[in-house]
Amino acid sequence: MMIAYRKVSDFKRGTLFQLLKDAYAYDGRYEEHFSLNWRECDDFFYDNIHIGDSCCIVTVLDDEAIGFVSWDPRNMPDYVEIGHNCVATKFKGMKYGKLQLEEALSRNRQNELKKIIVTTNQALVPAQRNYESVGFKLVEKRVNNSETSFSGDYIDYEYQL
């Protein structure tokens with residue numbers, strides 16, 4: 001089995017949405033609260049395919065899309081912010097998420113950035129471990145008083161370049 005990274009434009013509209021939906025299927029509250037955001041993400045990258053192809057990579061295993069990671073470059077060269085970063089359920093725990101994240105870091109190192117930032121939530125322990133395993137450092141925990149508080153407080157990380 002061979003892992004590869006491909007452009008958003010190699011896949012049909014809806015692929016990113018479906019990957020997010022699958023990745024968070026273990027708790028229906030995620031889809032209930034984030035489905036609109038996931039659809040907007042998918043639409044944005046397909047409506048602006050030049051951005052999708054430069055700021056998002058789809059992780060592929062034997063020609064099957066198994067995850068993706070995206071980033072927002074609008075604050076370059078100070079930083080980029082990791083956006084969605086997910087792996088389909090049946091591929092979790094196999095280190096594909098770490099490889100995907102390392103690929104995103106590698107691509108962004110070429111941009112002469114100062115740092116890469118990301119925010120996750122307290123309930124997403126595998127995400128925290130993934131970020132920490134590639135060198136992200138915790139910088140702040142913030143209270144989540146929103147309707148998504150079920151996912152726990154916000155955890156901000158930085159990766160210094």
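Contact here means heavy atoms within 4.5 Å. Thr 120 sits in strand β5, and it counts as buried because its relative accessibility is 5%. The cut-offs are under 20% relative accessible area for buried, over 50% for exposed and partly exposed in between, with a 1.4 Å probe and protein chains only.

A quick word on where this comes from. This is a predicted model, where local features need pLDDT of at least 70 and side-chain atom pairs count only at pLDDT 80 or more, while totals for chains, interfaces and linings use all residues. Residues are numbered from 1 along each chain as its sequence is written, and side-chain values use heavy atoms, with hydrogens and water left out.

Now the overall layout. The protein has five helices and seven strands. Those are DSSP runs numbered from the N terminus: helices are H or I with at least four residues, strands are E with at least two. Going along the sequence, you get β-α-α-α-β-β-β-α-β-α-β-β.

How do the strands line up? They make an open sheet of seven strands in the order β1-β2-β3-β4-β5-β7-β6, and the pairing is mixed. The edge strands are β1 (3–6) and β6 (137–142), each pairing on one side only. From one strand to the next, the twist averages 25 degrees. When I say two strands pair, I mean DSSP finds at least two bridges between them. As a reminder, strands of a sheet pair through backbone hydrogen bonds, either parallel or antiparallel.

We get both kinds here. β4 (residues 79–87) and β5 (residues 115–121) pair in the parallel sense over three bridges, and Tyr 79 has Lys 115 in β5 as its bridge partner. On the antiparallel side, β1 and β2 are joined by four bridges, with Tyr 5 standing opposite Thr 59 in β2. Then β2 and β3 pair antiparallel over six bridges, and there Thr 59 has Gly 67 in β3 as its bridge partner. β2 and β3 also form a hairpin with two residues between them, and Asp 62 in that turn has a positive phi of about 50 degrees.

Let's stay with β2 for a moment. Is β2 enclosed or open? Six of its six residues are buried, so β2 is largely enclosed by the rest of the structure. In a regular strand, side chains alternate between the two faces of the sheet. In β2 both faces are covered: Cys 56, Val 58 and Val 60 are buried on one side, and Ile 57, Thr 59 and Leu 61 on the other.

What packs on the sheet? Helix α2 (residues 28–47) does, touching β2 (56–61), β3 (64–72) and β4, and its direction makes about 115 degrees with that of β4. Helix α5 (residues 125–133) lies across β4, β5 and β7 (154–160), running at about 160 degrees to β5. For those angles, axes are lines fitted to C-alpha atoms, over the stretch in contact for helices, and angles run from 0 to 180 degrees between N-to-C directions.

On to the cores. A nonpolar core is a set of buried Ala, Val, Leu, Ile, Met, Phe, Trp, Tyr and Cys residues joined through side-chain atoms within 4.5 Å. The largest one has 26 residues, and those with the most contacts inside it are Val 8, Leu 16, Tyr 24, Val 58, Phe 68 and Phe 91. α1 (15–23), α2, β2, β3 and β4 each supply at least two of its residues. Apart from it lies another core, of 18 residues, including Trp 71 and Tyr 157.

What about disulfides? A disulfide would be a pair of cysteine sulfur atoms within 2.5 Å, and the structure holds zero. The sulfur of Cys 56 is 6.6 Å from the closest cysteine sulfur, in Cys 41, so that is too far for a bond. Both are buried, Cys 41 at 12% relative accessibility and Cys 56 at 1%.

Last, the whole thing. Of the 161 residues, 42% count as buried. Among contacts between residues at least 6 apart in sequence, 64% join residues at least 24 apart. And the C-alpha trace spans about 40 × 40 × 30 Å along its principal axes.
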